[in-house]
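Please look over the sequence and the model below before reading on.

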Amino acid sequence: MYKQWSVDLNADAKLMWKQSESSLQPNGEKTSPISVILVSSGSRGNKLLFRYPFQRVSENTSSATSKQRSPYALNTSGDSIEDQDGDSREQTPLTDEQLVAGFSDIILATILATKSDMCGKKFELKIDNVRFVGHPTLLQPPHTIQANADASVINCMHNLSRRIAIALQHEERRCQYLTREAKLMLAVQDEVTTMTETDGTPQSPFRQILPKCKLARDLKEAYDSLCTTGVVRLHINNWLEVSFCLPHKIHRVGGKHIPPEALERSLKAIRPYHALLLLDNEKALLAQLPLDCSPALVRLIKTCSAVKNLQQLAQDADLALLQVFQIAAHLVYWGKAIIIYPLCENNVYMLSPHANICIYSPLAEQFGLQFPGHDLPSMLAKFSLPVSLSEFRNPLDAPVHEAQLIQMVVWMLQRRLLFQLHTYVCLLVPPVEEEPGLREEEPPLVTRVTGRSLSTPSALSFGSPTSSDDMTLTSPSMDNSSAELQTGGDSPLNKRMTETLLASLTEHERQAILRVPAAQNPEDLRLFARLLHYFRGHHHLEEIMYNENMRRSQLKTLFDKFRSVLVITNHEDPIISLFQSPPD
Amino acid sequence: MGSYRRIDCIFFSEFHPTLGPKITYQVTYIRHEFFYVYIITKPELQNKLITVTAMEKKLIGCPVCIEHKKYSRNALLFNLGLVCDARTKTCALEPIVKKLSGYLTTLELESGFISNEESKQKLLPILSTLLEELNVTGACTLPIDDSNTIHLKLIEQRKDPLVVQEYDVPVFTKNKDHFIKSQWDLTTQQILPFVDGYRHIQKISAEADVELNLVRIAVQNLLYYEVVTLVSIFQYSNVYCTTPKVQNLIDKKCLQEECIHYVSKLGQRTNLRDVFQLYCGLTPGTTVRDLCSRYSHQLQRVDERKLIQFGLMKGLIRRLQKYPVKVVRDERSRPPRLYTGCHSYDEICCKTGMSYKELDERLENDPNIVVCWK
């Protein structure tokens, strides 16, 4: 989509992006602007100050030779963005020039310069295949700036235009920056017009503006950045920094973009037992940070590791947990990191369905360079069946070799070739008409998680000394947090607690649970009742371990004892699976 | 029709020779001063569909200019537009506006409908009817005069459908019997008896005696209207695994009912626990055959083929496909064509005519080939 920017001076300032409805190039051009335009409106009428890319002067607007695409043409981008009018079709492509050329400078000035009543509110205009999004901003008081938009891409563009507007407003108040730049632009335009009149050669005034006018160069840079990386970093008047990223460009997963709302939802669901995995190496990442960035961010980047959960990270980096969450979310949003479960022996990984396993893929080449003597497809084949990290490593191997295997796993995780499987438990009692006694013995629990019960403290040779299995909030005591249940045995207090916990179930469910042989043991029953609320299939084993301060073996034993009323399955964590599909 | 397409106002605007742009008729009131420049426009913008979003409203119009000496100022400028709430999904309304502007243009050229003050008055009741009927039923048929009738219908815009491969299996999302066959084209009618949720495209083409590409296009059409969805070929040697969506079976009562109804054998009724256990019994490394032997009790009342079908259709499970990759090769041999990691067993067998077993045997003995499942 094209969006158009325009800035009105004196009476109003308006920033707009111009976008077209058609997707011309594959993969993501729907998220790139086609044009940046600056328009002013004031006492002396409407003027187009600047536009980029420049219009070709000798334009030929005849016969829009748009190739008709077959309605069944392969949609390689797989992009299912709906524009905010609900239109998600692939449009017949017109070239940039035809679309942009369709609008002369004068008409742009007229249609984009809005009255002051429209300022401070969202403004948008769609003409056939071209969409203009406006953000009128008053430069004189009252300063009302609002951004609201429909589609999330427009939202983001709007955000950017608002930020630039704020910066411009600030500089205007401080030193009339915008007025000066506008004067320059108009002056150059006048010059060029005069020149054209005298010697007859048509020229684009905007080309001349660029070298003379910093604001024009900034707008050009914003446009260029948005079209390529999706990351914009400007210094308005060489003073105020405006930075922005278009998540739609950064977070493209398997050909589809991750909507920012989904991203935000996932980020809100991060837990202290998750870990932050940087997608770049530490040095490269630090080099990209601005000079005045927060020291907390730097510390965090230096301290984070694939084996450390966020809580540990907070301790090691000497930061509050909340701060760590925020910085982590920030890094993820900017495409610099993803959220995983910290690496540990018992983690089970499997090949991601989105992984590119082609021998000709650039990933295969990179892998071969990074790990000479190994090839990616062979390595990936090992993860065809879920395999735990401990199985993947061979303890008889030399430690160097072991360390390399871990590095390979990290490499594959960074490129989202693997995802982790977790165990989920669900309470489902046999139906009413069946007598459990008449049924054959239930088949053994098909849990893929390996049989290792206690993980040894020094699980991973290159990382931290403890494995995630030993990660607990407080001391790893077996006594649980609820003080009331500390007294063992069949005390009336305990019995009542158990009854209360089981009260949320139906009578049938309760009976079925009590019929399980293990229910005769009050300890086991108590534990079961206490964990009941996790047995809805939404909490995985590691989460229960973390919340309840329990060991893996304890839980697995409990599940086994009560298997006639539980069903267990393994799959990826839907909360962080968003981050586990590969980028383009 | 859904309220999200609700039209708040329909207006008719024209350029009065002395008064300038004005809204001649409007059904329900809107503030229009701000929009004039987009309603009665400069020549460059004429005959273009213009959507303006401002002040929390969306205005869709198509300005028309008819040039003729007989008009004062030698041109007649008008615009019939709609106004909706800014959040409305309006793309279905755009063809309506364009069509209306076309109708009015025709009427004016044929009989001076608009320039004649008397006939122009008919516009007001016309606008009222349009507003009412489009909002309520999404369609409107309106006679204007003896020879002209307006036919309008709001058409839902849908996503472009996926490409259909020869090894894909189309399965009806709704009951096949609810289908009115005569509404569909001949090709579709011809292949319909063979769309049983088990036959793949290549097989349908062979058995229905319809050319492969025609079958693909017909099925793609059915996909577009969400009448069918695509699943993979069923074999007892297939491997599946659960997705996080399998928990929907626990969370959503209506899905439970639908599932039990769908997968139960004729005359029988299974229960949620059995079904859920079966789905959870599908794991990497487990074939459907394995499942049948391990869970024979649960399968007494469940049709395993329907179980898999339902699971795939609702995204509760996914198929793990095998991809052979030739990893070691000497410089002299040809580069692999099919064993690149891009083509699944399904695809290779379909293209080459080999059976899975044959392909397995061929590849098992080749030390240079690894197999990835995903």
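Is A:R416 buried or exposed, judged by its relative accessibility? With a relative accessibility of 11%, A:R416 counts as buried, where buried means under 20% relative accessible area, exposed over 50% and partly exposed in between, computed with a 1.4 Å probe on protein chains only.

## Basis of the model

This is a predicted model, in which local features need pLDDT of at least 70 and side-chain atom pairs count only at pLDDT 80 or more, while totals for chains, interfaces and linings use all residues. Residues are numbered from 1 along each chain as its sequence is written, chains are lettered from A and ligands numbered from 1 in the order in which they are written, and side-chain values use heavy atoms, with hydrogens and water left out.

## Chain A as a whole

Chain A holds 21 helices and 18 strands, these being DSSP runs numbered from the N terminus, with helices (H or I) of at least four residues and strands (E) of at least two. Of its 584 residues, 54% count as buried. Contact means heavy atoms within 4.5 Å, and among the contacts in chain A between residues at least 6 apart in sequence, 72% join residues at least 24 apart.

The average pLDDT of chain A is 69, and 58% of the residues score at least 70; pLDDT is the predictor's confidence in each residue, from 0 to 100. Residues 18-29 of chain A have a pLDDT below 50, although this stretch has 69 contacts in the model beyond near neighbours in sequence. Residues 87-101 of chain A are likewise below 50, with 59 such contacts. Where pLDDT is low, the predicted coordinates should not be read in detail.

## Two loop residues with positive phi

Most residues other than glycine have a negative phi. A:R416 has a positive phi, near 55°, and its place is in the loop between α16 (399-414) and β16 (418-427) of chain A.

A:N238 also has a positive phi near 55°, and A:N238 is found in the loop between β8 (231-236) and β9 (240-245) of chain A. With a relative accessible area of 58%, A:N238 is exposed, whereas A:R416 is buried.

## A helix pair in chain A

Two packed helices are described by the angle between their axes and the distance between the axes. Axes here are lines fitted to C-alpha atoms, for helices over the stretch in contact, and angles run from 0 to 180 degrees between N-to-C directions. The axes of helix α11 (residues 310-317) and helix α12 (residues 321-333) of chain A come within 9 Å and cross at roughly 110°. That makes α11(A) roughly perpendicular to α12(A), since angles under 35 degrees count as roughly parallel, over 145 as roughly antiparallel, 65 to 115 as roughly perpendicular and the rest as oblique.

In this pair, A:L310, A:Q311, A:L313 and A:A314 of α11(A) meet A:L321, A:V324 and A:F325 of α12(A). By class, the contact has six nonpolar, one polar and no charged residues, where Ala, Val, Leu, Ile, Met, Phe, Trp, Tyr, Cys and Pro count as nonpolar, Asp, Glu, Lys and Arg as charged, and the others, Gly among them, as polar.

## A helix pair in chain B

Helix α9 (residues 253-263) and helix α10 (residues 272-281) of chain B pack at an angle of about 80°, with their axes 10 Å apart, and they are therefore roughly perpendicular to each other. Here B:Q256, B:C259, B:I260 and B:V263 in α9(B) meet B:L272, B:V275 and B:Y279 in α10(B), a contact with six nonpolar, one polar and no charged residues.

B:F276 also has its place in helix α10 of chain B, and at 0% relative accessibility B:F276 counts as buried. Not counting residues up to four places away in sequence, B:F276 touches A:C426, A:L428 and A:V567 in chain A, and B:V246, B:Q247, B:L249 and B:I250 in chain B.

## An enclosed helix in chain B

Six of the eight residues of helix α13 (residues 345-352) of chain B are buried, so α13(B) is largely enclosed by the rest of the structure. The buried residues are B:Y345, B:D346, B:E347, B:I348, B:C349 and B:C350, and what covers them includes α6, β10 (228-232), β12 (317-320), β13 (322-326) and α14 (356-364) of chain B. After α13(B) comes B:G353, whose phi is positive, near 85°.

B:C350 is one of the residues in contact with B:H200, leaving aside neighbours within four places in sequence. B:H200 lies in the loop between α5 (186-191) and α6 (201-208) of chain B and is buried, with a relative accessible area of 14%.
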